[in-house]
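Before reading on, please take a moment to look over the sequence and the 3D structure.

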Amino acid sequence: MSALRFSDTISAALTEAILVVTIDNAPVNALSANVRAGLMAALDHAEKSEDVAGVVLTGAGNSFIGGADIKEFGKPPVEPLLPEVISRIEALGKPVAAAINGAALGGGLEVALACHRRLAAPTAKLGLPEVKLGIVPGAGGTQRLPRLIGTAAAIDLIANGRIISATEAKTLGIVDGVSGDALLADTIADIKTTSAASLRCTGVLSVPSEALEAIDKAAADALRKARGQRAPAEAIRLVRLAATTPLQEGLAEERRTFIELRDSEEAAALRHVFFAERAAGKVEGLEAIAPRKIETVGIVGTGLMGSGIAVAALNGGYRVIGVEQSAQAAEKGRDRIAGLLDKAVQTGRLDAAGLEDRLSRLAVTADMQQLAEADIVIEAVFDDLTVKTELFQHLDTIVRADTILATNTSYLDPNVIASATQRPERIVGLHFFSPAHIMRLLEVVNCKQTAPDVLATALALAKRLGKLPVVSGVTEGFIGNSIFSAYRREAEYMIEDGALPHEIDVALETYGFPMGLFAVYDMAGLEIAWARRKRQAASRHPTERYVVIADRLCEAGRFGQKSGRGWYAYPDGKRRIDPEVTAMIEAARAEKNIAPKHFTADEIVARLLKAMADEGETLLSGGIAARASDIDLVMINGYGFPANKGGPMFAAGRR
Ligand code: 3H9
């Protein structure tokens, strides 16, 4: 076996006349310029060298190839381009196989599709997730995949950016086999039996014919989830094209579309989100801190929030002890948690064995002493300072000294709760969003005295729960509700200045929010915020601008959708503009002598973005948020801000 090197990232060794080429470009073997150049050189060598009968491509570490190098997007292209490398693989006169040892995504799967044979490890993940980055595959994915698995299946994978397991890839016909410990040896053995004369080039296959209804259904399903983004529709068009167009023409149209989308605002925004997600949860100085070991999670309160947290913890593999105030409430709590798990079974997200395993790790009790076994206790009780403080003081007497205590408060000051306990350094905030087993966002609140290893443990726990953790410092409402308050306040100012609720909602929905702000208010109910405003009234500065319209709505019994009336009327269950509300708004303006002004949809969005971005700057300068991209993630994942606009900080910066 002789070792060869074709670039910094591409090495090869000849084994039984097969050139095994290894891509080693940590962390995910992305197809950076020197990977592409090295692959070209390796292919040249394989073609020319008489000792080489075939080639196997594989990746070092846990990935096969994680895709094109996203960091190169937006920079001048460097030859050789990926489509050239891929054409070279397919056209090589000798058999080429992919030993897919890990993630084969985007350009990585496109490389594999051009190979003549593909074997995958059972842990491999395969997919063309480009639409998630606002683009379509740009190196043959939309043209080769349908030739291999049919149009409907290719639309399902590409237009949804769905990532699949090796087993599903085998069933669909993307890979020829799944191989465990001996993947490389099996791939070498496989390619040795493939003769040069019988090479199967994916690009020359015909797209299998199938019923038009199946194709239309796959397309309609994907478009429904696309929420106005361009890339899924373009991906569908390109996949359909493969059935009627020669390969080279299809590839040219795919490349043209890829470049157009790659250079779009939408793709820039989604790339920003991609890197924002990778940066989130990283805290300077915490890299070397080992998290504490967590096996048992205690949860006090098993209502809506607590039961969702319990399901997330059970899904994360933890043992869960739920605590309620009475045996009867504990039984109800257990039923609620079991009900959420049952729902997962009904929708196919969980199987019977998974359900049984989770239930075996769950105990719900009225005996708080059982929390002595917990490594972390998360409280999800009524958001009241006295209730939470007394609970933590009580927990101090029950749990071990190294047990972490986490509060799920949304608005209270966790520093105050911590300072009333014996060990404030073990207190951290875990602000879940409801429903907690579904929503990805988790604000991890770094309190004044939180110990570094407590914060590190909270972040590790968040990852194991499958959450997207964003660290926030302590301020009223943390990152999310601070920005949301600024957004809400500005919208109400605009109502007073001349806009109507539906004008603001239409502007927001057209921008990409799933629902306008006032429609959201009505859905959530107006009375909780009203109660909070009444509590805050005494401490409000007399010169602060205050809009009374929401109070007037509540005084008139308009508590939102459930009372049939709020910012809108719901006479037949459907949202309607209500002249009565318009009259109340006009009266409020008249009281302050405000001459109403007309706002265009763009002005509405611009003002709201500016309000959010200004508040974001305040959070950044106060050290509450570590980076602007964290604020973007919170608003995208917790408050419906459209991901394809990149979040309020990104979007305001682009204007
Ligand atoms: C494409 O392929 C277009 C083609 O069709 C056409 C081309 C002509 N590039 O996620 P992790 C970094 S588009 C550059 O935490 P994991 C990431 O930023 C691409 N960097 O790891 C992070 O850096 P840092 C289609 C990348 O183990 C580090 O790697 N492909 C790329 O949890 C670790 O990332 C995709 O969309 C990249 N492609 O998961 C797949 N990927 O340490 C995108 C990652 O500095 N990647 N980085 O923060 C993934 O889904 C996951 O990273 C993967 C590994 C599953 C591979």
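A polar contact is a pair of N or O atoms within 3.5 Å; within protein, one of the two must be able to donate a hydrogen and the other to accept it, and residues adjacent in sequence count only if both atoms are side-chain atoms. This is a predicted model, in which local features need pLDDT of at least 70 and side-chain atom pairs count only at pLDDT 80 or more, while totals for chains, interfaces and linings use all residues. Residues are numbered from 1 along each chain as its sequence is written, and side-chain values use heavy atoms, with hydrogens and water left out.

**The ligand**

| Residue (backbone N or O atom) | Ligand atom | Distance |
|---|---|---|
| Gly66 | nitrogen | 3.0 Å |
| Ala68 | oxygen | 2.9 Å |
| Gly107 | oxygen | 2.8 Å |

On its own the ligand has 1100 Å² of accessible area (Shrake-Rupley method, 1.4 Å probe), and the protein covers 72% of that area. The shell around the ligand holds 25 residues, each with a heavy atom within 4 Å of it, and the closest are Gly107, Glu110, Glu130, Arg278 and Lys282. By class, 13 of the shell residues are nonpolar, 5 are polar and 7 are charged, where Asp, Glu, Lys and Arg count as charged, Ala, Val, Leu, Ile, Met, Phe, Trp, Tyr, Cys and Pro as nonpolar, and the others, Gly among them, as polar. Helix 3 (107-114), helix 10 (247-262) and helix 11 (265-279) each supply at least two residues of this shell, and helix 11 gives the most, with 3 residues. Helices (H or I, at least four residues) and strands (E, at least two) are DSSP runs numbered from the N terminus.

**Domains**

An automatic or database domain assignment divides the chain into domain 1 (4-263), domain 2 (296-474) and domain 3 (480-654). The C-alpha centres of domain 1 and domain 3 lie 46 Å apart.

**A sheet and a histidine**

Seen in order 1-2-3-4-6-8-11, 7 strands form an open sheet with mixed pairing, two strands being paired if DSSP finds at least two bridges between them. Strand 1 (3-7) and strand 11 (177-178) are its edge strands, each pairing on one side only. Strand 2 (residues 10-15) and strand 3 (residues 18-23) run antiparallel and are joined by 6 bridges; Ala13 has Val20, in strand 3, as its bridge partner.

His116 lies in the loop between helix 3 and strand 8 (117-120). His116 counts as buried because its relative accessibility is 2%, buried meaning under 20% relative accessible area (1.4 Å probe, protein chains only). The side chain of His116 reaches the backbone oxygen of Glu90 at 3.1 Å.

Note on methods. Buried < 20%, exposed > 50% of the residue type's maximum accessible area, 1.4 Å probe, protein only.
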